[in-house]
Amino acid sequence: MTYTVNDKCIMCKHTDCVEVCPVDCFYEGENMLVINPDECIDCGVCEPECPEDAIYATDDEEDPWYKHNLYFSEEANWPNITDAKDPMLEYEKYSGQSDKTKLFKKLPYKEI
């Protein structure tokens, strides 16, 4: 089991989850965060910290968000983030929106 980040994080990028992660498995892109599923220890402390409910547990390696998190934390070389910072400037505008995938700029494989 691992935790993954979905599209609810796009354009918000709260980092309360990063601050509590004991293994520093979060990676930061231009407009969202991801979790490296190979580094996640399934402790679950990040999930309740996300005000957007963008973090969830899965054991399905075919889950599109699992693949998304794996790709961007490993192959895309997004930088590891270990300290909290302010969310994106206009996060309130995007908070609670459904299906924010159209706001993500680069999808390397078929759309989620």
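Lys-13 sits in the loop between strand 1 (2–5) and helix 1 (16–20), while Glu-28 belongs to strand 2 (residues 26–28), so the pair ties together parts that are 15 residues apart in sequence. By salt bridge I mean a side-chain nitrogen of Lys or Arg within 4 Å of a carboxyl oxygen of Asp or Glu.

Before I go on, the ground rules. This is a predicted model, where local features need pLDDT of at least 70 and side-chain atom pairs count only at pLDDT 80 or more, while totals for chains, interfaces and linings use all residues. Residues are numbered from 1 along each chain as its sequence is written, and side-chain values use heavy atoms, with hydrogens and water left out.

Is Lys-13 buried or exposed? Lys-13 counts as buried, at 11% relative accessibility. Glu-28 is buried too, at 15%. The cut-offs: buried is under 20% relative accessible area, exposed is over 50%, and partly exposed lies in between, with a 1.4 Å probe and protein chains only.

Lys-85 is partly exposed, with a relative accessible area of 43%. Put together, Lys-13, Glu-28 and Lys-85 are linked in a network of salt bridges.

How many salt bridges are there? The count comes to 3. One of them joins Lys-67 and Glu-62, at 3.1 Å from N to O. Here Lys-67 is partly exposed, at 36% relative accessibility. Glu-62 is exposed, at 56%.

Now the overall fold. The protein chain has 3 helices and 4 strands. From the N terminus on, the order is β-α-β-β-β-α-α. The radius of gyration is 13 Å, close to the 13 Å that the globule rule gives for 112 residues, so the chain is as compact as a globular protein of that length. That radius is taken over C-alpha atoms, and the globule rule is 2.2 Å times the number of residues to the power 0.38. Helices here are DSSP runs of H or I with at least four residues, strands are runs of E with at least two, and both are numbered from the N terminus.

Some totals. The C-alpha trace spans about 35 × 30 × 25 Å along its principal axes. Of the 112 residues, 45% count as buried. Among contacts between residues at least 6 apart in sequence, 74% join residues at least 24 apart. Contact means heavy atoms within 4.5 Å.

Next, the core. Which residues touch the most other members of the largest nonpolar core? They are Val-5, Phe-26, Met-32, Ile-35 and Ile-55, out of 27 residues. Strand 1, helix 1, strand 2, strand 3 (33–35) and helix 2 each supply at least two residues of this core. Strand 3 gives the most, with 3 residues. A nonpolar core is a set of buried Ala, Val, Leu, Ile, Met, Phe, Trp, Tyr and Cys residues joined through side-chain atoms within 4.5 Å.

Take Ile-35. Leaving out residues up to four places away in sequence, Ile-35 touches residues including Tyr-3, Val-5, Phe-26, Ile-55 and Leu-70.

On to the rings. There are 2 aromatic pairs. Tyr-71 and Phe-72 make one that is edge-to-face, 4.9 Å centre to centre with 85° between the planes. The rule: rings of Phe, Tyr and Trp (its six-membered ring) pair if their centres lie within 6.5 Å, and planes under 30 degrees apart count as stacked, over 60 as edge-to-face and the rest as tilted. Tyr-71 is partly exposed, at 24% relative accessibility. Phe-72 is buried, at 5%. Ring pairs link Tyr-71, Phe-72 and Trp-78 into a cluster.

Last stop, Met-11. Met-11 is in the loop between strand 1 and helix 1. Met-11 is buried, with a relative accessible area of 15%. Beyond residues up to four places away in sequence, Met-11 touches Asn-31, Met-88, Tyr-91, Tyr-94 and Leu-103. The C-alpha atoms of Met-11 and Pro-22 are separated by 25 Å, with the two residues 11 apart along the chain.
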